[in-house]
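Hi everyone, thanks for coming. Let's take a friendly walk through one chain together, so please look at the screen.

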Amino acid sequence: MKKLQGNKFILVVLVALLAISGLSIINSMEIAESPGPQPVLAVSSQSDVPLIEELISDSVKNALENNPNATSMAPLRKFPYPYNAMMAISSDIDDTTVEEFETYHQFLNTLEQTSHGSGLGLDIGDSAWLYVVNDSLTDLDKEGHKAEYSMAYFQGLNVNVRKDAEKIINYFKVGWIDSLHSFGDFSRNDRSVKFTRDLGAVAWKEMNDSGFKPKVWINHGSESNAQNFGAFNPKTLFKYQAGDDPKSPYYHTDLTMDNGIRYVWNSIGMSQFSYDNPLFPIKLRDGRQVWGFQRYTHDVVNGKYDWTWETHELHRQITEQRLKQLVQESKFSIVAQHLGKGSDGFPFNPIDIQALRLLKSYQDDGKVLVARTSRLLDYARAQKYLRYSSVQIEGKTYININSIEDSVLKPTTPTIDEIRGLTFYVDDPDKTYVLLNLTIIPKDQLQINGLDRSSKRSIGIKWYTPDFADYSQPLKKVTL
Ligand SMILES: [Zn+2]
């Protein structure tokens, strides 16, 4: 313990010196009047360092390790407190211009006064393309732009010309994009297949270099999009899917899985709105496995598909009755959309905005947590496959998170972001300590909760801090 005290002293002095040198650059007068370093830095390191060492005594470690399956002291809550459901809006980037993307995301994600009313401040992600070779003559917008004007990383198939790459990279980094809508828009009226494995390889090299690297893959379009995978069946519409066929010139799932795609929408739309867990395993033809996920895409009316995933249809997707039921049943819902597909510049009529404001009120009331698709799926995976143990020693509860025992991908020790939102019911959250792989999680990363609707208290790892920043603005200014 003496040695620790010594280390602690050195650490505090170092922090103090850093704080002083930092401040002196800003204002040397200020430091002259100040009796010492800024307290925030010094105090936090003083209290955190010894706390960690004292808490994880050998007896606690042994107890946790000897009871690897003891979870009864701290059962998992289904959703982060206080929510009883989680929803994502998962938008395919078809026919979307950069201007449309920025207009509707400013409205959805920020709290700004926009031309369509005050922003909602919801965590809604989107998808992106690298290539567009669609030969459709449909107008994308009021100016009559055609398919080649769609938001895409490269210009057509020319990998030497970046089109909207900088914007896509930036919007991925800030969370307005979190999914890949396959490698691109290869839909063709002439039914030719323009995708090749080489284009996939270049795409992954570019994504690795740039940091635009989604873990969600969403298939796009029909049979010209041979890159699609996950639902191949020689007897169905999906017999064209070749992305996972090692014998095909369109094979790429070796690259795609190795580069971090975890979750795949395999082109099969669902009329079911909500799920206990949206994930299901998919076995690919190259022997690999990946998580599929369910998206609500359509209703069935008189035995016929009525696709509701179009602009100006959102009010039919998100209704008060569905939200009530979602909360009542404690479920997940992923609502598929094509937010940029319309040509009139904005995807929502007043009635759709009303539906979105209703959704926001459900979040504000602590009922439904709205999360971008990748966060919802990571949460659903962690919540279902978490391996942890809990013990009580001398009136204190210790919870140690060991791993995510994911049999489809592989078991891993999670990062703190991969366990955000996980919440444990405990008798006394104030006397509970949560550890990740036997290292204590700092208190500022934890959330202590009061009674919920089951009259139980809980402690959880904090969800992501809301981010309402208007990321469309600085970029727009640059182009003006
Ligand atoms: Zn699409």
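Before we start, one term: two strands count as a pair if DSSP finds at least two bridges between them. Please also keep in mind that this is a predicted model.

With that term in hand, look at strand E6, residues 154–155, and its partner E7: they pair in the antiparallel sense, over two bridges. Across the pair, Gln155 stands opposite Asn158 in E7. The hairpin has two residues between the strands, and in it Gly156 takes a positive phi near 55°.

Is strand E7 buried or in the open? Of its five residues, 158–162, the number buried is zero, so E7 lies largely in the open.

Next comes helix H6, residues 165–174. Here we do find buried residues: Lys167, Ile168, Ile169, Tyr171 and Phe172. Why might we look at spacing in a helix? An α-helix has 3.6 residues a turn, so residues three or four places apart point the same way. Just after H6, Gly175 takes a positive phi of about 95°.

Now let's step back. The chain has 13 helices and 24 strands, and buried residues make up 41% of its 480 residues.

Where does the largest nonpolar core lie? This core has 105 residues, and Met86, Val368 and Leu376 have the most contacts inside it. Domain 1 (36–80 + 387–461) and domain 2 (85–365) both give residues to this core, so it lies between them. Take Leu376: leaving aside neighbours within four places in sequence, its contacts include Met86, Phe332 and Ile334.

Methods. Residues numbered from 1 in each chain as written. Predicted model: local features only at pLDDT ≥ 70, side-chain atom pairs only at ≥ 80, totals over all residues. Buried ≥ 20, exposed ≤ 12 C-beta atoms within 10 Å, placed from the backbone. Helix = DSSP H or I, 4+ residues; strand = E, 2+ residues; numbered from the N terminus. Core = buried A, V, L, I, M, F, W, Y, C linked by C-beta atoms within 7 Å. Domains from an automatic or database assignment. Contact = placed C-beta atoms within 7 Å.
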